[in-house]
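Thanks, everyone. I have one chain to show today, and I will go from a single residue out to the whole fold. Here it is.

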Amino acid sequence: MTTVTCDRTGVHVQFPGWEATMTGLPRLLIPKSAIRDLSTGQGWTSEILGVRSGLVVSGYRKLGTFRHPSGVRRLVSMKRGHPLLRIAVDRATVGFDEILLSTDDAESIAADLRSGVHP
C-alpha cells in the first residue's frame, strides 16, 4: 500500500511496485510551501474524480491520475476502510491540483502540517 510520511520539508509519498506503474511515479514530495489546503475524512470519497489513468476496483480501490472535466488534476491512492488525507496543492510546483491519499495516519499528518500551511 502507498506509504505517506511527513517531515519538516513536506509530505513524502512512496508508491511501491505495481502502484508506481499505475500512478506513473515511484515517489512524490509535496513541499510544505506548495500546500494550499488540507483536510481529512473518515474514508472513501464517492465524488466523481474524472477520467482516469490507472486502476479502479469499484468500491474498493482507486489508484492513478484523474482529470475532472473542470480541469482539476488529481493524484489518487484511495483504499476503502482507511482514513483519507486530501491535500490541495500548487499545480505549478507539484503537477497536480489535489492529492487524495488513504492512510491510517491521516489525522496525525494533517495535524503536523497545519502549522506550516500557507493560505
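Start with arginine 27, which sits in strand S3 (residues 27-31). Strands here are DSSP runs of type E with at least two residues, helices are H or I runs of at least four, and both are numbered from the N terminus. Before I go on: this is a predicted model, where local features need pLDDT of at least 70, side-chain atom pairs count only at pLDDT 80 or more, and totals for chains, interfaces and linings use all residues. Residues are numbered from 1 along each chain as its sequence is written, and side-chain values use heavy atoms, with hydrogens and water left out.

Is arginine 27 buried or exposed? It counts as exposed, at 53% relative accessibility. The cut-offs: buried is under 20% relative accessible area, exposed is over 50%, and partly exposed lies in between, with a 1.4 Å probe and protein chains only. What does arginine 27 touch? Leaving out residues up to four places away in sequence, it touches Val13, Gln14 and Phe15. A contact means heavy atoms within 4.5 Å. Histidine 82 is 55 residues from arginine 27 in sequence, and their C-alpha atoms are 20 Å apart.

Now the salt bridges. How many are there in the whole structure? The search finds five. The criterion is a side-chain nitrogen of Lys or Arg within 4 Å of a carboxyl oxygen of Asp or Glu.

Take glutamate 98 and arginine 74. Their closest N and O atoms are 2.6 Å apart. Glutamate 98 is in strand S9 (residues 98-102) and arginine 74 in strand S7 (residues 73-79), so this pair links distant parts of the chain, 24 residues apart. Both ends are inside: glutamate 98 is buried at 11% relative accessible area, and arginine 74 is buried at 8%. Salt bridges link Arg74, Arg86 and Glu98.

Next, aspartate 90 and arginine 36. This salt bridge has its closest N and O atoms 4.0 Å apart. Aspartate 90 lies in the loop between strand S8 (84-89) and helix H2 (91-94), and arginine 36 lies in strand S4 (residues 35-41), so the pair ties together parts 54 residues apart in sequence. Aspartate 90 is partly exposed, at 23%. Arginine 36 is partly exposed as well, at 37%.

One more pair: aspartate 97 and arginine 91. Their side chains meet in a salt bridge at 3.3 Å, N to O. Aspartate 97 is partly exposed at 22% relative accessibility, and arginine 91 is partly exposed at 33%.

Zoom out to the fold. The chain has three helices and nine strands. In sequence order, the pattern is β-β-α-β-β-β-β-β-β-α-β-α. Why call it as compact as a globular protein of that length? Because its radius of gyration is 13 Å, close to the 14 Å from the globule rule for 119 residues. That radius is taken over C-alpha atoms, and the rule is 2.2 Å times the number of residues to the power 0.38. The C-alpha atoms fill a box of roughly 35 × 30 × 25 Å along the principal axes.

Last, two totals. Of the 119 residues, 41% count as buried. Among contacts between residues at least 6 apart in sequence, 48% join residues at least 24 apart.

That's the tour. Questions, please.
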